[in-house]
Amino acid sequence: MSPTITAFKTSPDRGRGLARDMRVRWALEEVGQPYEVRLLSFGEMKEPAHLALHPFGQIPTYEDGDLALFESGAIVLHIAQRHAGLLPDDANARARAITWMFAALSTVEPPIVEYGMATILERDKPWYAARQPMLEDRVRTRLDELSRRLGDAEWLDGAFSAGDLMMVTVLRRLEGAGVLEAYPSLSAYVARGQARPAYQRAFADQLAVFTAASSG
Ligand code: GTB
């Protein structure tokens with residue numbers, strides 16, 4: 001039996017692949033694991049059946065036999081540990097790749113999400129004009145540091161890994177904000193990730209959901 005993941009029935013990103021099911025789809029495509037997708041409305045995400053899988057009523061989840069997981073990071077790590085292709089064999093290199101997954105999720109993603117959420121939700125608030133430059137500075141600090149570490153390398157630590165997969169999906173959250181463009185090496189890094197055939201398949205699949213929902 002193939003694993004089943006959950007995703008938005010109608011994604012607010014309008015098929016841009018910015019919701020967190022994208023990183024799980026991409027990981028599954030990288031390792032060549034076929035999967036099923038159960039699409040959920042916002043209402044269904046808060047119903048008991050889904051809350052039993054995800055205590056916070058969100059997507060994505062992952063079910064495989066009697067294993068049920070939530071949290072995109074935990075799901076991608078599980079996929080990477082169960083299948084070859086996303087983590088190096090060498091124990092130290094493997095630990096470093098996992099470190100980059102955590103860095104993406106707990107050091108780089110939070111300021112990017114806070115910046116993006118403020119842009120959407122606080123634009124009409126009296127504090128917006130003063131706060132937004134501060135949030136943007138925090139994002140730039142992380143991008144400065146990350147681009148310094150990446151240097152001229154293709155990926156963060158040797159061959160492409162789950163750490164890069166996670167970092168690329170996190171950096172993509174800046175699309176359209178006009179921030180990443182000041183970092184040519186990071187923009188090229190994201191583009192390299194997006195050029196991977198597994199990424200392309202995952203992106204096309206999530207876009208097809210949005211296209212079908214809009215035409216139906
Ligand atoms: N830490 C969790 C994880 O990594 O899995 C966070 C999961 C999460 O935030 N899920 C979101 C969700 O279910 C969807 S991805 N939200 C519904 C809810 O909380 O009720 C976040 C997301 C949503 C929309 C866009 N977008 O429109 O661009 C991008 C990302």
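Start by selecting Arg38 and Glu63: their side chains meet in a salt bridge, with N and O 2.8 Å apart (a salt bridge is a side-chain nitrogen of Lys or Arg within 4 Å of a carboxyl oxygen of Asp or Glu). Arg38 lies in strand E2 (residues 36-40) and Glu63 in strand E3, so this pair ties together parts that are 25 residues apart in sequence. Helices (H or I, at least four residues) and strands (E, at least two) are DSSP runs, numbered from the N terminus. Arg38 is partly exposed, at 32% relative accessible area, and Glu63 is partly exposed too, at 22%. For these labels, buried means under 20% relative accessible area, exposed means over 50%, and partly exposed is in between, using a 1.4 Å probe and protein chains only.

Before moving on, a word on what you have open. This is a predicted model, where local features need pLDDT of at least 70, side-chain atom pairs count only at pLDDT 80 or more, and totals for chains, interfaces and linings use all residues. Residues are numbered from 1 along each chain as its sequence is written, and side-chain values use heavy atoms, with hydrogens and water left out.

The structure holds 15 salt bridges. For another one, pick Arg131 and Glu114, whose side chains meet at 2.6 Å, N to O. This pair links distant parts of the chain: Arg131 sits in helix H6 and Glu114 in helix H5, 17 residues apart. Arg131 is partly exposed at 22% relative accessibility, and Glu114 is partly exposed at 34%.

Now jump to Arg172 and Glu175, a salt bridge with its closest N and O atoms 2.7 Å apart. Is Arg172 buried or exposed? Arg172 is buried, with a relative accessible area of 5%, while Glu175 is partly exposed at 34%.

Gln132 counts as buried, at 8% relative accessibility. Leave out residues up to four places away in sequence, and Gln132 touches Tyr115, Ala118 and Thr119; contact here means heavy atoms within 4.5 Å.

Then click Met117, in helix H5 (residues 91-121). Met117 is partly exposed at 36% relative accessibility. Together with Ile120 and Leu121, Met117 forms a nonpolar patch on the surface, with about 310 Å² of accessible area. Patches are made of residues with over 30% relative accessible area and no salt bridge: like charges are joined within 9 Å, nonpolar side chains (Val, Leu, Ile, Met, Phe, Trp, Tyr) within 5 Å. The areas come from the Shrake-Rupley method with a 1.4 Å probe, and for residues only the protein chains shown count as cover.

**Into H4**

Select residues 72-82, helix H4: eight of its eleven residues are buried, so H4 is largely enclosed by the rest of the structure. Among the buried ones are Ser72, Gly73, Ile75 and Val76. What covers them? The cover for H4's buried residues includes helix H1 (21-31), strand E3 (61-64), strand E4 (67-70), H5 and helix H7 (162-172).

**The ligand**

Show the ligand next. Which residues are closest to it? Of the 15 residues that surround the ligand, the closest are Arg20, Lys46, Ile59, Glu71 and Ser72; a residue counts when one of its heavy atoms lies within 4 Å.

- Arg20: an N or O atom of its side chain is 2.6 Å from a ligand oxygen.
- Gln58: a polar side-chain atom is 3.0 Å from a ligand oxygen.
- Asp13: a polar backbone atom is 3.2 Å from a ligand oxygen.

Taken alone the ligand exposes 680 Å², and the protein buries 77% of that.

**Backbone stops**

Most residues other than glycine have a negative phi, and most peptide bonds are trans. Zoom in on Ile59 and Pro60, joined by a cis peptide bond with omega about 0°. Glu71, in the loop between E4 and H4, has a positive phi near 80°.

Finish at Arg14, in the loop between strand E1 (4-8) and H1, with a positive phi near 55°. Arg14 is exposed at 60% relative accessibility.

Note on methods:
Polar contact = N/O pair within 3.5 Å; in protein donor to acceptor, adjacent residues only side chain to side chain.
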